Amino acid sequence: MNIDDKLGRIKARRDELAHLMSSGDAGRDFARLAKEYADLGPVVEAIDALDKARAEAEGLKALMADETSDGEMRKLAESEYFALKEKFPALEKRVRLLLIPKDEADEKSAILEVRAGTGGEEAALFAADLFRMYQRYADRHGWKFQPIEMSDTGLGGLKEGIAEIAGAGVFARLKFESGVHRVQRVPVTEASGRIHTSAATVAVLPEAEDVDLKIEDKDLRVDTYRSQGAGGQHVNTTDSAVRITHIPTGVMVACQEEKSQHKNKAKAMKLLRARLYEHEREKRESERAAARKSQVGTGDRSERIRTYNFPQGRVTDHRVNLTLHKIDRVLDGELDEFVEALIADDQAARLAEIA
């Protein structure tokens with residue numbers, strides 16, 4: 001099916017939806033049909049704008065070819081014709097962009113997971129740097145950043161950090177951050193000044209809502225235990241920490257950040273829901289979304305999506321071949337250049353699929 005056939009079918013479908021809703025035949029499906037109708041609105045408007053431009057171009061072309069027309073009129077038609085033709089690429093691109101299947105999770109908040117990979121304490125220090133970077137990025141966009149679970153090394157490093165980032169469209173802007181991030185720098189403990197390479201893994205999951213999936217109480221095992229700090233030190237004397245296991249899938253989450261068991265359980269459930277939702281989402285969209293395991297990788301130095309080179313002051317994203325020589329500003333949360341480049345690259349790939 002060529003692109004024009006697709007556009008014709010979209011317009012026909014919107015007309016069909018309008019008829020179903022106005023005729024009273026929609027019944028219980030009215031809300032679903034109304035949403036589909038609304039979603040098709042911008043696409044049909046873009047198609048109509050393109051069709052109108054094409055029709056005007058044909059009219060001007062006919063006027064240019066009409067030898068009985070006034071010479072000045074034909075000259076004016078020619079000028080308008082070529083001016084209109086210059087608008088066609090933008091009009092066609094807008095239609096194609098709107099034809100890209102929407103990721104239903106794009107408008108959601110997200111769960112961020114950062115873990116130290118290869119490199120010992122230096123990897124943990126880098127994981128802490130990344131966690132702060134995303135917190136500052138969230139601050140720049142007015143999003144709420146709330147830690148769910150933190151496991152530090154006691155030396156300033158982070159074994160694992162999990163946080164909820166709440167706001168409109170968070171997942172759309174952060175989903176390409178999933179993967180292995182590599183750092184090259186001289187550790188503070190390195191007396192000879194030798195550059196070390198370490199890694200940390202990042203996973204970004206869309207936050208699931210109650211309506212996205214149903215979790216049965218009978219499928220959960222909830223364990224409570226005493227919260228512990230770095231080095232095994234007890235930070236309180238009550239069993240406030242919570243571990244929840246989803247028995248059918250084996251997915252396990254834990255939270256000990258809050259002093260209240262109730263609050264820890266609520267945070268753990270939020271994390272569990274996000275992980276289960278991502279699991280279901282990947283099953284439904286396997287052709288477009290990589291499995292979470294392959295997103296994150298093993299944490300080995302050889303696998304990376306981005307490299308942070310401190311001696312040269314540069315950050316390179318290897319997927320879009322973009323290098324920025326402002327490592328301090330990037331780690332301070334200036335990520336938008338990478339984010340915009342990755343979104344544009346994804347759009348280009350999707351456009352190629354439907355062209």
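Trainee: Is Asp317 buried or exposed?

Mentor: Asp317 counts as buried, because its relative accessibility is 0%, where buried means under 20% relative accessible area, exposed over 50% and partly exposed in between, with a 1.4 Å probe and protein chains only. This is a predicted model, in which local features need pLDDT of at least 70 and side-chain atom pairs count only at pLDDT 80 or more, while totals for chains, interfaces and linings use all residues. Residues are numbered from 1 along each chain as its sequence is written, and side-chain values use heavy atoms, with hydrogens and water left out.

Trainee: Which residue forms a salt bridge with Asp317?

Mentor: Side chains of opposite charge can pair when their charged atoms come close. A salt bridge here is a side-chain nitrogen of Lys or Arg within 4 Å of a carboxyl oxygen of Asp or Glu. Asp317 pairs in this way with Arg319, their closest N and O atoms being 2.7 Å apart, and Arg319 is partly exposed at 31% relative accessibility.

Trainee: Which residues are linked with Lys326 in a network of salt bridges?

Mentor: The network links Lys326 with Arg136, Arg140, Arg329, Asp332, Glu334 and Glu337. Within it, the side chains of Lys326 and Glu334 meet at 3.7 Å, N to O; Lys326 counts as buried at 17% relative accessibility, whereas Glu334, at 25%, is partly exposed.

Trainee: Where do Lys11 and Asp51 lie?

Mentor: The side chains of Lys11 and Asp51 form a salt bridge of 3.5 Å, N to O. Lys11 lies in helix 1 (residues 3-23) and Asp51 in helix 2 (residues 30-65), so the pair ties together parts 40 residues apart in sequence; helices are DSSP runs of H or I with at least four residues, numbered from the N terminus.

Definitions and conventions: Helices (H or I, at least four residues) and strands (E, at least two) are DSSP runs, numbered from the N terminus.
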